[in-house]
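Please find below a colleague's note on the structure shown here.

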Amino acid sequence: MVVTRILLIAALLNAILAAPQLNPRDATVVVLENDFNGVDPWHWRYETSNGIRQEQFGTEGDGARLRGSFSWQPPDAGSATYSVTYEADENGYRPRVAFGSGAVAVRPTPLPRPTELPFLQPSLAIGSNAALTLVG
């Protein structure tokens, strides 16, 4: 009798502790459409409960052509929505970025000069004979 009660209590505690812990910050997919079946043109999109959206249209005829957008609402930005709308084809990738109601200028990051790359800098950790030691 005592063993049965202990087993029932253990089973009840196991069921309670194994229940999913719902976090209000977790997102669920609320819209999911996929017309990507290998036949041109194709389209897919999704939306989540936390405001993330993404959509894309495309064709592959003479060359791949994509058009789409994605947006999200960061929790620390109030009700502001960040969004990126883009096109990509033989002329390259052309994004348009927006924050709230105004566009944000997208500036390419300059590439470092070859002399600034860390793997080209002399290192004090490896001696000049290290390569000979590693080779044989």
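1. Aromatic pairs. The structure, which is a predicted model, holds five aromatic pairs. One of them is formed by Trp-72 and Tyr-82, whose rings are stacked, with 5.4 Å from centre to centre and 10 degrees between the planes. Trp-72 belongs to strand β4 (residues 65–72) and Tyr-82 to strand β5 (residues 82–89), so this pair ties together parts of the chain that are ten residues apart in sequence. Both partners are partly exposed: the relative accessibility of Trp-72 is 33%, and that of Tyr-82 is 28%.

2. The tilted pair. Tyr-86 and Tyr-93 have ring centres 5.8 Å apart; the pair is classed as tilted because the planes stand at 40 degrees, which falls between the limits of 30 degrees for stacked and 60 for edge-to-face. Tyr-86 is buried, since its relative accessibility is 6% and the limit for that class is under 20%. Together with Phe-70, Trp-72 and Tyr-82, the residues Tyr-86 and Tyr-93 form one aromatic cluster.

3. Surroundings of Gln-56. Which side chain makes a polar contact with that of Gln-56? The partner is Tyr-86, at 2.7 Å. Gln-56 is located in strand β3 (residues 53–59) and counts as buried because its relative accessibility is 12%. With neighbours within four places in sequence left aside, Gln-56 is in contact with Trp-42, His-43, Trp-44, Leu-66, Arg-67, Gly-68 and Tyr-86.

4. A charge over a ring. Arg-67, one of the residues in contact with Gln-56, also has its charged end over the ring of Phe-57. The distance to the centre of that ring is 4.6 Å.

5. Ser-71 in strand β4. Is Ser-71 buried or exposed? Ser-71, a residue of strand β4, is buried, because its relative accessible area is 13%. Apart from neighbours within four places in sequence, its contacts are Gly-51, Ile-52, Arg-53, Thr-81, Tyr-82 and Ser-83. Tyr-82 in this list is also the stacking partner of Trp-72.

6. Pro-95 in strand β6. Pro-95 lies in strand β6 (residues 92–99) and is partly exposed, given a relative accessible area of 31%. Not counting residues up to four places away in sequence, Pro-95 touches Val-84, Thr-85 and Tyr-86.

7. Overall arrangement. The chain contains two helices and seven strands, which follow one another in the order α-β-β-β-β-β-β-β-α. Of its 136 residues, 10% are buried. Among contacts between residues at least 6 apart in sequence, 7% join residues at least 24 apart. The chain exposes about 11400 Å², and carbon and sulfur atoms supply 61% of that area.

8. Confidence. The average pLDDT of the chain is 74, and 66% of the residues score at least 70.

Definitions and conventions:
Residues are numbered from 1 along each chain as its sequence is written. This is a predicted model: local features need pLDDT of at least 70, side-chain atom pairs count only at pLDDT 80 or more; totals for chains, interfaces and linings use all residues. Side-chain values use heavy atoms; hydrogens and water are left out. Helices (H or I, at least four residues) and strands (E, at least two) are DSSP runs, numbered from the N terminus. Buried means under 20% relative accessible area, exposed over 50%, partly exposed in between (1.4 Å probe, protein chains only). A polar contact is a pair of N or O atoms within 3.5 Å; within protein, one must be able to donate a hydrogen and the other to accept it, and residues adjacent in sequence count only if both atoms are side-chain atoms. Contact means heavy atoms within 4.5 Å. pLDDT is the predictor's confidence in each residue, from 0 to 100. Accessible areas come from the Shrake-Rupley method with a 1.4 Å probe; for residues, only the protein chains shown count as cover. Rings of Phe, Tyr and Trp (its six-membered ring) pair if their centres lie within 6.5 Å; planes under 30 degrees apart count as stacked, over 60 as edge-to-face and the rest as tilted. A charge sits over a ring if NZ of Lys or CZ of Arg is within 6 Å of the ring centre and within 35 degrees of the ring normal.
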